[in-house]
Amino acid sequence: MKCLFAIILIFTGVNIYAQNDAKMNAFVTSLMSKMTLDEKIGQLNLVTPGGAVTGSVVSKGVDENLRKGYVGGLFGITGPDKTRQAQQIAVNNSRLKIPLFFGLDVIHGHKTLFPIPLGLSCSWDLALIERSARIAATEATADGLCWAFSPMVDIARDPRWGRVSEGSGEDAYLGGEIAKAMVRGYQGKDYSSTNTLMACVKHFALYGAAEAGRDYNSVDMSKIKMYEYYLPPYKAAVDAGVGSVMSSFNDIDAVPATGNKCLLTDLLRKQWGFKGLVVSDYTSVNEMTNHGLGDLQTVSALALNAGLDMDMVGEGFLTTLKKSLQKGKVTQQQIDNACRRILEAKYKLGLFEDPYRYMDDSRPAKDILTSGTRKAAREIAAHSFVLLKNSAQVLPLKKTSSIALVGPLADSRRNMLGTWSVAGDFTKAVAVIEGIKNVAPDANIIYAKGANISDDSMLIKRTNVFAPDEIEIDKRSPDEMIAEAVAAANKADVVVAVVGEAADMTGEASSRSDIGLPQSQLNLLKALAKTGKPIVMVLFNGRAMTLNWESENMNAILDTWFGGTEAGNAIADVLFGNYNPSGKLTTSFPRNVGQIPIFYNHKHTGRPFNNEPNAKFKSNYLDVSNDPLYPFGFGLSYTSFNYSDIKLSKSNLKGNETLTASVTLTNSGKIAGEEVVQLYITDVVASVTRSVKDLKGFQKILLQPGESKEVVFKITPEQLKFFNSNLKWDWESGEFIIHIGTNSSEVKSGKINWVK
Ligand code: BGC
């Protein structure tokens, strides 16, 4: 089969780690000259002795394999004491004393948890996101680690998929900017310092497009779509110098990513110039047998041939590569290349100089979960929340109000951290009720749980796999709990209802076909609505949800994702106006599941629907509008912003000229606030169908009440480029519409003509 990626030669990124390091090469070459075949294959083996695992297999005989030199790295253990113990075995007992590296899923913080990545992305604040990764790297390296399996940059347009929580939403441009910020945060200028670590961009590739939003499912996609909308964030991470890449579980063009040579070699290495190491996902080598590609030996050889260097947990490489070499199914050169890349990573991490450099016992006390990291977590969390509704300015609340605080997530430290908080300790998290008491000690709080997160026994069982009390079932009946909450509401000025998903209702293997609030909580809200008291809904969620009834019947909705260790304090900061919310959605909220996939940069159809009441033979539904409930880029503030008409420096441009597009933004409200000003471009006529508009820039602007500022974007032909039918990244002469606005649907627009 012709390689999918062979004809594309468009990317020209510069890899800042281009390895011409003669010293490193000489060192690795000399070391490899002493290694046996078994020892080389041993380096390709990444094992986990247990801990938080995501597959049915954990590694056995780890100790013995360490002594033989049959392990390249370990993941799933933390703490300088434990990592040191394992390192000592490798360094003192294996023949060549090659140190191990230690990895972990450090996804949105290590011990100090920040908002889940989807929440972080809603801050649209790259400096803040970079800072969160920087702190995570400092904590993780103080905890014995030197490799983070992050950033996860899978673009996702289907909120049924639970792993939307781990990424940055639906937009490739924003996703790419965030990918770079994360890599910078983790790795610093390189990753040789003891407080930086090697990042791992994942899951390469297209994992976010799993069919029907069901995890681990197949992916099938046109090339233009993958190039334009799914690959850019991985590429951005590679350009930013990411040290490693993780292959994904799904297939692409009928070959699983882990054994896909077009992807791992032709695209990643040859076209993008990636020089680092490629690791499989958890047993994804072995799983190619389930995909129907042959027995363990066959699929392991397929993976090595494809360009995979390291086998996570499955030990297919360890147990079969030697046989495959003898049978001519793989070459010595391929094994050597993979081994070299792993040794190079260790060299760059400084492990050959000092295998114990990340195991400093004095560091945890000064670097982990300090008042400084908690302060940052609080600030960053507040920036990630998105105000979806605020009728009659019910928010911010007065600090002296009488508040009925209800809902299953109001007093649940267990659910504050969100998915992938493997090193986090939820007992250190701040629950919403605690945060409210901290921030508004004079408020009168009347607490009632009101409902269980869910009463659906299958959902409870499947959610509570790792934490039996994550969805905690009250001894009282649903009616009793609702009655208590209604009584609380009747005594209060305002209701704050803290509702949503349990932490593990999103994340890996947490797809849902119904993405609304569980029935138990809807029943609670409906009973509360009948009291006539104003209701502020504080939502916990790891995905876009269907919130039709809530959007009509709640007075305010604050989407807080899973805010991390300081969630409760940060939520209270926003509820009481210590911080004016500034987050904007990075994922469209559908009105119902039938609209999925729904995303702002869809294509034009031949029969566009313009909301005509009696239209027939148009691209629409009979029973729901085409628009999302809340569009990409949407988010309110406690103040209001006024956009002037757009100003364009020219209406006709030629060649490499620069267009200046601007608006005057005014804070027309009474308090200071930040606004994310968004730039979109529509390519009106092209040789291929284009989307209705694409995000091309954004700026987050702070304005005092009454203050105005001109917000200026410089546009060059670079921002007009797209992938044409030959998969060439280029632009075409013609008409373009430039939009600047507060979200993807509300924009000020102007037309230009630009010729080559
Ligand atoms: C996940 C990865 C993760 C790995 C190691 C897998 O199941 O897909 O994202 O890094 O486990 O924990």
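**View 1. Asp253 in the loop between strand 7 and strand 8 of the predicted model.** The loop joins strand 7 (251-252) to strand 8 (255-256). Asp253 has a positive phi of about 50°, although this residue is not a glycine. Asp253 is partly exposed. Its relative accessible area is 29%.

**View 2. Phe617 in the loop between helix 22 and strand 17.** Phe617 also is a residue other than glycine with a positive phi, here near 60°. The residue is exposed, with a relative accessible area of 64%.

**View 3. The cis peptide bond between Ile596 and Pro597.** Omega is about 0°. Pro597 lies in the loop that runs between helix 22 (567-575) and strand 17 (641-643).

**View 4. The cis peptide bond from Lys202 to His203.** Omega is near -5°. His203 belongs to strand 5, which covers residues 198-204.

**View 5. Helix 6 crossing helix 7.** Helix 6 spans residues 126-142, and helix 7 spans residues 172-187. Their axes come within 7 Å. They cross at roughly 35°. The crossing is right-handed.

**View 6. Residues in the contact of helix 6 with helix 7.** Helix 6 contributes Leu126, Ile129, Glu130, Ala133, Arg134, Ala136 and Ala137. Helix 7 meets them with Glu177, Ile178, Ala181, Met182, Arg184, Gly185 and Tyr186. Nine residues of this contact are nonpolar, one is polar and four are charged. Gly185 is in the contact and counts as polar because Gly is placed in that class.

Key:
Residues are numbered from 1 along each chain as its sequence is written. This is a predicted model: local features need pLDDT of at least 70, side-chain atom pairs count only at pLDDT 80 or more; totals for chains, interfaces and linings use all residues. Side-chain values use heavy atoms; hydrogens and water are left out. Axes are lines fitted to C-alpha atoms, for helices over the stretch in contact, and angles run from 0 to 180 degrees between N-to-C directions. Helices (H or I, at least four residues) and strands (E, at least two) are DSSP runs, numbered from the N terminus. A crossing is left-handed if the near helix is turned anticlockwise from the far one by less than a right angle, and right-handed if clockwise. Contact means heavy atoms within 4.5 Å. Buried means under 20% relative accessible area, exposed over 50%, partly exposed in between (1.4 Å probe, protein chains only).
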